Amino acid sequence: MYNPVFDQPRYMKTDTAARKYLKDYRPPDFTIDRCELEFVIGEDHTRVQSRLHIRRLTEDRQAPLKLDGVGLKLIDVMIDEEFLDDPDFSYDGNSLTIPFVPHDFLLQTTVEIDPASNTRLEGLYKSNGNYCTQCEAEGFRHITFYVDRPDVMAVFTTVIRADKASCPVLLSNGNKIDAGEDGDRHWVKWHDPYPKPSYLFALVAGDLACKSGSFTTRSGREVRLEFYSEPHNIEQCDFALESLRKAMRWDEERFGLEYDLDLYMVVAVDDFNMGAMENKGLNVFNTQYVLADPQTATDDNYLGIEGVIGHEYFHNWTGNRVTLRDWFQLSLKEGLTVFRDQEFSADMMSRAIQRINDVRALRSYQFPEDAGPMAHPVRPSSYVEINNFYTVTVYEKGAEVVRMYQTLLGRDGFRKGMDLYFQRHDGQAVTTDDFRQAMADANEVDLSLFQRWYDQAGTPKLYMHRLYDPDNRLLTLKLRQDPGQTQGIDNEPFLIPFRLSLFTQDGQPLPLNDKGDLELTLGFAEMEMRFQFRDIPEMPLVSALRDFSAPVILHSDLKSEELARLMTVDTDPFNQWDAGQQYATRVLLELIEGGEPCLGEGLDGLLDALGQVLANPAIENPLKAEMLALPDEDYLAEMCEVIDVHKIMEVREFALQQIAERHEKALLELYRACDEQGDYVIDPESVGKRRLKNACLAYLTRLGKSEYEQLAVDQFHQAGNMTDRMGSLRALVDRPGAGRDALFDDFYQRFADNPLVLNKWFSLLASSRGEQALEQVMALAGHPDFTLGNPNRARSLLGPFSRNVAAFHERSGAGYAFLADKILELDSLNPQIAARMARAFLVWKKLPPELGEKMKAQILRILSKPDLSPDVAELMQSALAHED
């Protein structure tokens with residue numbers, strides 16, 4: 001189909017000439033052994049001088065030296081202390097080319113950059129008066145000339161010179177080895193002894209306060225820990241500091257990995273595109289993953305801080321000491337490290353609740369990505385803009401792939417594989433193939449079929465059917481998989497670890513073999529397989545894919561009443577929760593496909609099952625809170641061939657209302673039982689009580705009774721922590737009236753000077769589904785405290801808005817036009833954040849035509865922007881590709 005937008009040269013260049021392919025990888029022609037940098041930070045610009053000790057790798061002696069360097073003001077170039085004249089090199093604004101260079105040589109360049117005008121927050125930029133870098137994936141080329149790719153690893157030495165008054169703190173990677181003063185200026189010299197790629201370089205300079213501590217490694221070496229933030233925030237770093245100590249100890253105990261430098265630093269900055277960055281020895285963090293106290297941070301904030309602190313620390317080995325050969329291997333470090341931070345968080349809090357939250361996020365965000373136009377394997381085969389592939393597929397599905405190694409090999413076998421991986425590849429830039437081979441060799445198994453999880457996109461569908469022979473007491477379990485497609489080509493069957501248990505209909509566990517095992521993991525690697533279990537007394541309940549042993553969509557022949565039994569008798573808490581999710585999904589999809597939502601047999605049975613959960617004292621509060629939550633709209637949408645967003649919202653809201661009405665008494669009793677006052681504590685029981693209490697409050701306020709609205713108001717005013725205060729606001733956000741407005745005004749007045757808390761205010765209001773939902777969001781976009789220049793603030797409004805059916809999918813299409821306006825503004829400021837927001841448009845083909853065509857019109861409008869960034873262009877082109 002002809003599309004005039006795609007017929008313009010700029011799009012053809014973006015989509016073809018600039019596309020990179022894994023199959024085209026070749027080693028670099030030159031490598032850099034040592035990199036010596038000097039930064040002279042001035043008020044108007046920063047001068048960067050680099051000394052690169054370069055060595056030719058290619059046998060082609062005529063190969064020119066090409067260095068990446070984007071938007072740099074070039075001052076001079078020298079080779080072996082001799083200046084080069086203009087005919088000796090060329091610079092086109094993106095790369096520096098020197099046609100003739102020796103085999104080994106010293107290249108010196110001097111450039112000037114302007115951090116203050118850098119709104120992309122990539123390279124060196126200025127945030128609230130402080131200087132900061134972000135070099136992953138390709139930010140270093142915005143600082144100086146370099147072979148800016150991850151398989152070029154050098155030892156870095158960095159000198160920073162700046163004004164003492166405005167920049168008293170000067171930080172970089174490694175250990176501080178020298179310092180001095182020069183009048184009203186000073187300098188510091190840093191040295192990192194471990195070779196690293198340029199994406200791990202970091203520099204921070206500014207007026208920062210420090211919270212320090214220490215950690216003694218298992219070998220007895222003391223490591224100094226330093227957290228930096230703006231002075232008024234420094235007392236909010238205590239929890240992050242303690243989380244770091246926990247992560248360091250956990251990595252020693254679980255994987256035998258010890259920190260390798262004398263100093264570990266973390267800097268919290270307000271303006272940051274990502275959550276955090278693992279730069280060697282000098283992590284740079286978004287403030288929302290460092291700063292916390294009970295009055296400003298929720299339970300989820302605290303748990304997020306602990307998880308992200310762990311994630312970036314764990315990168316020291318899985319990402320830094322062993323890094324990736326090329327950006328196609330991104331999941332080698334990110335998927336593996338997400339798995340490690342998930343395991344850490346599970347050991348620090350509740351393993352079951354951690355697993356539930358991980359899988360809920362996977363189903364809500366990654367499964368739709370796997371079914372959309374930007375679907376890609378865990379190891380992509382091509383990309384235009386690498387920033388677009390920092391995705392839930394690479395991260396969260398990549399973590400599930402790593403988890404499947406552990407499921408198949410066992411924890412001890414997985415540890416053996418990790419030990420061999422580090423033994424073989426410490427100090428190297430490697431691939432996912434190297435990781436798989438280490439796992440296979442350490443355990444003497446063939447894992448070649450496992451490679452399909454890296455090479456094939458899509459979420460496999462798994463069909464389970466029970467065949468029971470009562471005469472022979474024989475159960476045959478028939479499994480069939482639909483592996484889906486990758487770019488229109490049928491996938492080969494995946495190797496799926498299928499962990500299961502069997503129960504009698506009244507909940508008694510059944511032995512699965514002569515050894516009496518009550519749980520087994522089956523290797524399912526064909527399109528269809530059958531497994532038999534003997535001496536089974538009756539048609540059993542099957543607890544399938546226990547602990548979510550593989551990232552698949554399961555369709556089983558379990559009846560609704562059997563799922564209800566598993567909700568209370570399953571010995572795997574995750575599968576208790578998942579039985580409820582399967583039951584609820586089945587009921588809600590039937591209502592979505594039907595007419596006006598009504599209370600029928602299916603929903604009535606689900607309400608009874610939830611009543612059994614509420615009344616069961618054996619189900620602990622944290623799990624009970626999770627089981628009260630219905631599958632979210634994104635997951636339900638993924639189950640629909642046509643996504644009727646308004647019908648999905650209507651049905652889910654109807655079901656929530658029915659739960660509230662049926663179980664009002666039980667919900668109120670649970671609320672009161674969990675409404676304990678006392679010191680704020682972060683532990684599984686305390687967090688679980690608060691979560692259950694606020695879930696009950698949200699249901700009760702749905703009933704529209706004044707006593708429950710007053711309950712929420714009282715909780716707000718009496719709350720001793722942000723979790724309960726936010727729970728009150730969340731319960732009332734869709735209940736218009738003076739009481740609701742007064743609470744939100746009160747909240748704003750209390751926290752107007754705290755950017756992180758104010759983000760919560762914007763997010764809650766942007767999620768409101770009242771009749772004026774879109775108008776309210778538009779008004780918030782004009783609020784004096786709203787800005788697109790800060791990524792956190794932009795995300796706080798536009799993220800919840802894009803998931804708010806009532807506002808974003810407003811039937812006139814005005815919501816789509818509003819988001820397109822903001823994407824176009826952001827694209828000129830910060831393309832990475834613009835691209836994140838633009839993902840909301842990828843679903844247009846699956847919407848009903850009356851909405852889909854309106855969304856498509858906005859995609860075309862975005863693509864018509866003359867200087868559209870590759871980040872956004874790649875996404876929008878993918879959205880329109882293969883149009884029928």
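Colleague: Why does Glu 653 count as partly exposed?

Modeller: Its relative accessibility is 26%, and the class covers what lies between buried, under 20% relative accessible area, and exposed, over 50% (1.4 Å probe, protein chains only). Glu 653 is therefore partly exposed. Please keep in mind that this is a predicted model, where local features need pLDDT of at least 70, side-chain atom pairs count only at pLDDT 80 or more, and totals for chains, interfaces and linings use all residues. Residues are numbered from 1 along each chain as its sequence is written, and side-chain values use heavy atoms, leaving out hydrogens and water.

Colleague: What makes Glu 653 and Arg 702 a salt bridge?

Modeller: The closest N and O atoms of the two are 2.9 Å apart. A salt bridge needs a side-chain nitrogen of Lys or Arg within 4 Å of a carboxyl oxygen of Asp or Glu, so the pair qualifies. The pair links distant parts of the chain, 49 residues apart: Glu 653 is in helix 14 (residues 645-662), and Arg 702 is in the loop between helix 16 (684-701) and helix 17 (706-718). Helices here are DSSP runs of H or I with at least four residues, strands are E runs of at least two, and both are numbered from the N terminus. Arg 702 has a relative accessible area of 18%, so Arg 702 is buried.

Colleague: Which residues do salt bridges that share partners join into one network?

Modeller: Those are Arg 254, Glu 343, Asp 347, Arg 351, Arg 403 and Arg 411. The total count comes to 76 salt bridges.

Colleague: Why is the pair of Tyr 146 and Phe 156 called tilted?

Modeller: Their ring centres are 6.0 Å apart, with 35 degrees between the planes. Rings of Phe, Tyr and Trp (its six-membered ring) pair if their centres lie within 6.5 Å; planes under 30 degrees apart count as stacked, over 60 as edge-to-face and the rest as tilted. So the rings pair, and their angle puts them in the tilted class. Tyr 146 sits in the loop between strand 11 (130-134) and strand 12 (154-163), and Phe 156 in strand 12. Tyr 146 is buried because its relative accessible area is 0%, and Phe 156, at 2%, is buried too.

Colleague: And what makes Trp 317 and Phe 422 edge-to-face?

Modeller: Their centres are 5.5 Å apart, and the 75 degrees between the planes give the edge-to-face class. Trp 317 lies in the loop between helix 3 (299-314) and strand 22 (323-324), while Phe 422 lies in helix 6 (residues 392-425), 105 residues apart. Both residues are buried.

Colleague: How do you know that the charged end of Arg 325 sits over the ring of Tyr 25?

Modeller: That charged end is 3.7 Å from the ring centre. The rule asks for NZ of Lys or CZ of Arg within 6 Å of the ring centre and within 35 degrees of the ring normal. The distance is therefore inside the limit, and the contact is listed as sitting over the ring.
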